[in-house]
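Please walk me through this structure, beginning with the surroundings of the ligand and then turning to the packing of helices.

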Amino acid sequence: MQKHKVLAVNDLSSVGKCSLGVIIPILSAMKIEVCPVVTTILSAHTGFDNPYIVDLTQHLDKMFAHILSESSGFSFAYSGYLGSNQQMDIVKKYFVQLKQSGTKLLVDPVLGDNGKRYSAFDENSIEKMAQLCLNADLITPNYTEACLLAEIPYQETEPKKAIRLAEKLSNMLSVPSIVITGVPMKTGKSIIVWEDGQGIEIPCDYVKGEYCGTGDAFASVVCGCLAKGKKLCDSVLEAHRFVRTAIYETYRLGGSWKDGIMVEEFLNMLYE
Ligand code: PXL
């Protein structure tokens with residue numbers, strides 16, 4: 001059996017399941033080794049009031065340099081939440097190197113949700129994130145992030161328009177594959193998959209409940225499936241199936257948005 005390895009660049013939040021707290025268990029359950037690059041340590045994610053934040057920006061260069069001198073052969077480098085604009089520049093520098101050595105790049109451009117930019121980011125962050133996306137093989141924005149990157153207003157849309165948005169992002173950012181999640185349509189939410197110059201809409205069943213960390217869970221499953229050689233559409237369907245169950249069960253178990261998805265309850269769905 002071939003062993004796969006992913007370099008996961010993200011924060012570690014103690015309270016509120018998201019980022020590396022979700023990514024490490026998911027990829028490990030999929031039998032993929034995770035090398036984390038911790039960008040920021042937080043007592044709780046930024047949806048909580050006044051989290052204590054240790055910004056590791058000044059350590060990132062040395063972290064990357066040593067990790068990449070000791071380890072190689074990553075199937076994917078996958079970035080998510082980056083706590084400062086400077087972090088986006090540093091990650092870009094190492095992602096360019098990784099790409100040259102054959103590692104595929106997945107950028108989840110974490111910037112906001114539900115039509116709003118997260119409080120930690122400013123206008124410059126959007127430009128910096130766009131720059132990081134420029135080298136990626138795949139980006140997985142939610143609809144809010146896709147609108148921020150494309151500089152269009154967040155509003156209900158329709159399949160043809162949403163596919164045109166994916167095409168616009170693909171051209172703007174020179175990214176061949178784009179997955180936009182949580183696209184609001186009249187009939188409910190959809191996922192848009194853009195690949196090989198073509199777009200498709202995957203309508204999602206409505207499940208009650210919204211939880212922090214679902215985007216991280218979705219991108220992690222997509223990343224794990226792609227690392228194992230699955231096709232993008234199949235990977236997206238598997239990620240959707242996992243996240244839908246996670247939301248459904250977290251709601252049933254009484255979780256709150258802030259607590260995040262109860263990822264440890266459903267990891268067994270990922271065992272092969
Ligand atoms: O998954 C999104 C996310 C990741 N990391 C941190 C966050 C959030 C969203 O609020 O605050 C620190």
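In what follows, Ala, Val, Leu, Ile, Met, Phe, Trp, Tyr, Cys and Pro count as nonpolar, Asp, Glu, Lys and Arg as charged, and the others, Gly among them, as polar. This is a predicted model, in which local features need pLDDT of at least 70 and side-chain atom pairs count only at pLDDT 80 or more, while totals for chains, interfaces and linings use all residues. Residues are numbered from 1 along each chain as its sequence is written.

Around the ligand there are 15 residues, of which Cys-18, Ser-19, His-45, Thr-46 and Tyr-81 come nearest (a residue is near if its C-beta atom, placed from the backbone, lies within 6 Å of the molecule). Two or more residues of this shell are given by each of strand 1 (4-15) and helix 7 (214-227), where helices (H or I, at least four residues) and strands (E, at least two) are DSSP runs numbered from the N terminus. The shell consists of six nonpolar, seven polar and two charged residues.

Helix 7 also packs with helix 1 (residues 20-29), at an angle of about 30° and with the axes 9 Å apart; axes are lines fitted to C-alpha atoms, for helices over the stretch in contact, and angles run from 0 to 180 degrees between N-to-C directions. Helix 1 and helix 7 are therefore roughly parallel, a term for angles under 35 degrees, with over 145 counting as roughly antiparallel, 65 to 115 as roughly perpendicular and the rest as oblique.

Helix 3 (residues 85-100) and helix 4 (residues 123-133) pack at about 5°, their axes 9 Å apart, and are therefore roughly parallel to each other as well.
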